[in-house]
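Please have the structure open as you read.

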Amino acid sequence: MRRVACGLMSIVAAVAVAAQEREDRTLLSAEQMRAIINEASGERAMHHVLELVPYQFVRPPSEYQTHFRESEVMARFAKEYGFSNVTIEDFPTGQTWQPVTGELWMTTPRSEKLYDIHDLPEALASANANGDISGELIDVRQGTAQDFEGRDVKGKFVLSLAPSGLAGVYGRAVGAGAIGVLGISAIGPGDRAVDYPTEIVSTGVSAQPGTAAWALSPRTARQLETLLNRGQKVTIRSIVKSEQVPNKQEVVHAEIPGDGSTTQEVAIGGHLFEGYIKQGANDDSSGCALTLEIGRTYLKLIDDGTLPKPKRTINFQWVQEISGTNAWLGAHPDKGKRIIGDLNFDMEAIRLTMSRSYWIMQRTPDTFPSYINDIGQSMMEYVSELTRERVRYRQNGYAPSVGITSPNGSTDAFYIKIDQHYGASDHVTYMQHGIPAVMFITWPDMWYHSSQDTPDKQDPTQYRRAAIVGTGALAAIAGGGDELAARVTAENLSRGTERMGAAERKGTSYLADAATADALAVAWKEARIAIRHQADVEKGVIRSSGVLYDDPSGAAKRLAPIEAAVDRVSAALQDEARAAYALESQRLNTPPTFQPPMTPEEKDAASLIVECVNGSTPSGCASAPGAGRGGGGGPSAVPQHIGAELNILLGQHKSVLEIRDFLSGEFEPVALADVMTALRARAASGQIRLVKK
């Protein structure tokens with residue numbers, strides 16, 4: 001019997017394997033994806049990083065007179081690989097300081113050099129400090145205003161272990177007559193001060209003449225604190241020589257030309273610089289190294305005939321973060337009008353298990369629904385599934401379908417996450433110019449903005465997997481006409497249905513959480529808002545995919561039936577939520593009110609329209625002339641993670657209630673009173689006006 005049973009199990013297993021859904025299913029063909037997998041190289045990307053920032057170095061002032069080291073490296077590789085129109089563009093921005101000498105000494109109770117910028121450039125926080133100054137060290141603990149009360153710090157250095165950073169402590173210290181500050185910079189994410197006690201987090205302080213600011217590692221700071229706690233006198237000497245140099249935004253640009261069938265273009269890249277003092281192998285030489293490898297892979301496969309020449313010209317951008325992208329788009333407004341999507345790679349190749357990380361794609365916000373999100377997600381999940389062991393694949397020893405590793409890389413799992421939008425990188429700049437953009441990022445990064453952001457933390461396997469994702473996504477955006485566009489629309493539709501289901505789940509959880517009849521009535525409102533909001537977003541996603549068709553202007557008519565189908569799904573989900581509401585009403589012994597009336601506060605909010613005083617932009621309301629960028633209003637009553645979307649909604653001529661419902665649909669329920677408080681503060685600051693309909 002056992003022999004017969006084993007035989008039957010083998011037959012069943014063989015049938016199951018033959019009938020299983022193909023794993024290699026994404027927007028490109030299986031043959032094209034296998035070619036990308038075989039060509040993409042994590043080792044080459046790693047070589048790029050080792051050429052860009054083999055170690056963190058003190059930049060010589062002479063580089064400001066020509067081109068920076070990193071720009072030259074990127075341009076050289078791009079030319080060798082066959083990119084077109086490789087250029088380095090400079091956009092002058094005045095003067096800046098470049099340190100050439102920086103030494104921090106403890107002179108008593110013993111002579112000891114604590115830091116030299118040629119060892120650890122991040123130690124000098126005040127790049128503009130210039131001079132040789134000495135003084136006694138005084139401990140001001142957290143460096144608060146109270147910590148300075150009754151302390152004579154004139155002509156002295158102060159030591160602060162405030163985890164909030166140096167800048168605030170420096171201002172209070174120098175205001176009290178101190179000649180300098182030593183302290184730890186902001187520590188995070190996680191308990192980095194414990195896990196990485198020798199790490200120095202990069203920070204910047206603009207020093208007044210005759211003063212200096214130095215960033216210490218937690219270990220060095222504690223050692224100095226211990227000496228002072230023992231009653232020993234500690235004296236410090238700071239020796240800094242800095243030179244003023246011409247500052248600039250430096251942008252490296254390269255292209256893969258399109259086939260001439262359209263004027264549309266695509267962008268991809270990362271930031272080569274984040275200021276010229278701070279350097280990082282992961283943040284973000286990794287993004288530049290990776291996108292260079294993506295371009296090399298794409299060009300090689302075009303030459304082989306495996307991939308067709310892209311329909312749309314591809315712009316590779318390696319920039320000063322945010323400001324460089326703004327400068328380039330400002331100098332090339334024609335490009336801004338032609339680019340239909342951007343892939344931003346910011347921090348890509350840390351070994352995930354070392355940093356307890358995920359490789360994350362951050363979607364566009366709901367205020368900017370776009371086809372581009374699902375292209376990136378499809379490629380990420382495709383690579384993750386191929387490289388994952390599955391218990392059900394017993395016949396092949398549980399091995400991954402395709403082994404996507406690198407010769408000198410790890411064999412770690414490919415931990416991925418699709419996340420909501422977050423700003424603070426170049427994808428936001430593209431969206432401010434009306435271009436949909438997503439960001440790929442590794443987070444957490446235990447060495448973020450620190451002296452330990454060095455190549456030894458990088459993983460060639462992670463580079464290779466990211467290069468496959470990036471090349472596949474880029475080919476899907478740049479390469480297709482109607483056939484591929486229809487695939488993308490179908491992907492948007494099906495994934496949108498999943499997201500609408502998630503919105504229903506969110507809404508029904510509100511119903512289940514309700515403990516009183518009044519709370520249940522509010523939960524029913526929120527459930528409907530969540531589903532309707534997501535349906536509106538998904539219709540926007542479908543409409544956005546029209547740009548990929550051969551005739552974008554005629555795509556709206558072709559896509560209208562799909563939008564109508566989304567409405568039908570939304571109605572069905574609301575009907576399901578309605579049934580859940582009825583069930584919860586029985587639990588609480590209260591009759592359901594399926595059409596709840598508006599409260600007086602909601603009626604008032606529905607009658608108030610938000611208008612920008614100084615005009616609107618894609619980011620929200622424009623600032624008053626001379627007021628700088630960003631919105632005013634001071635601290636907001638709404639949660640911080642909602643603030644960016646609130647800013648954008650201010651410029652969309654919506655009612656207060658529409659803004660509140662949008663935020664609640666995208667995130668979690670937000671109190672209408674809190675939104676009103678936030679908006680009245682903006683109105684008081686002169687940024688917006690609230691106008692009755």
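In which hand does α16 cross α18, left-handed or right-handed? α16 passes α18 in a right-handed crossing, the near helix being turned clockwise from the far one by less than a right angle. This is a predicted model, in which local features need pLDDT of at least 70, side-chain atom pairs count only at pLDDT 80 or more, and totals for chains, interfaces and linings use all residues. Residues are numbered from 1 along each chain as its sequence is written, and side-chain values use heavy atoms, with hydrogens and water left out.

**Helix packing**

- Helix α16 (residues 482-513) and helix α18 (residues 552-587) have axes that come within 10 Å and cross at roughly 15 degrees, so the two are roughly parallel to each other.
- Twelve nonpolar, five polar and six charged residues make up the contact of α16 with α18.
- For α17 and α21, the axes lie 8 Å apart and the packing angle is about 85 degrees; these helices are therefore roughly perpendicular to each other.
- On the α17 side, the contact uses Glu526, Ile529, Ala530 and His533, and it meets Arg660, Asp661, Phe662, Ser664, Gly665 and Glu666 of α21.
- Terms: helices are DSSP runs of H or I with at least four residues, and strands are E runs of at least two; angles under 35 degrees count as roughly parallel and 65 to 115 as roughly perpendicular; contact means heavy atoms within 4.5 Å.

**The second largest pocket**

- This pocket has a volume of about 930 Å³, the space filled by probe spheres set on the grid points.
- Its lining has 36 residues, with Lys525, Ile529, Glu602, Arg660 and Asp661 nearest the centre.
- α17 gives the most to this lining, with 14 residues.
- By class, the lining holds 18 nonpolar, five polar and 13 charged residues.
- A pocket is an open set of points on a 1 Å grid with protein on both sides within 12 Å along at least five of seven lines, a cavity is a set where a 1.4 Å probe fits but cannot get out, and lining residues have an atom within 4 Å of a point.

**Cavities**

- The whole structure holds five cavities of 30 Å³ or more.
- The largest cavity contains about 90 Å³ of space, and Leu272, Phe273, Lys278, Gln279 and Gly280 lie nearest its centre among 15 lining residues.
- The second largest cavity contains about 70 Å³, and its lining has seven nonpolar, one polar and one charged residues.

How values were computed. Axes are lines fitted to C-alpha atoms, for helices over the stretch in contact, and angles run from 0 to 180 degrees between N-to-C directions. Angles under 35 degrees count as roughly parallel, over 145 as roughly antiparallel, 65 to 115 as roughly perpendicular and the rest as oblique. Ala, Val, Leu, Ile, Met, Phe, Trp, Tyr, Cys and Pro count as nonpolar, Asp, Glu, Lys and Arg as charged, and the others, Gly among them, as polar.
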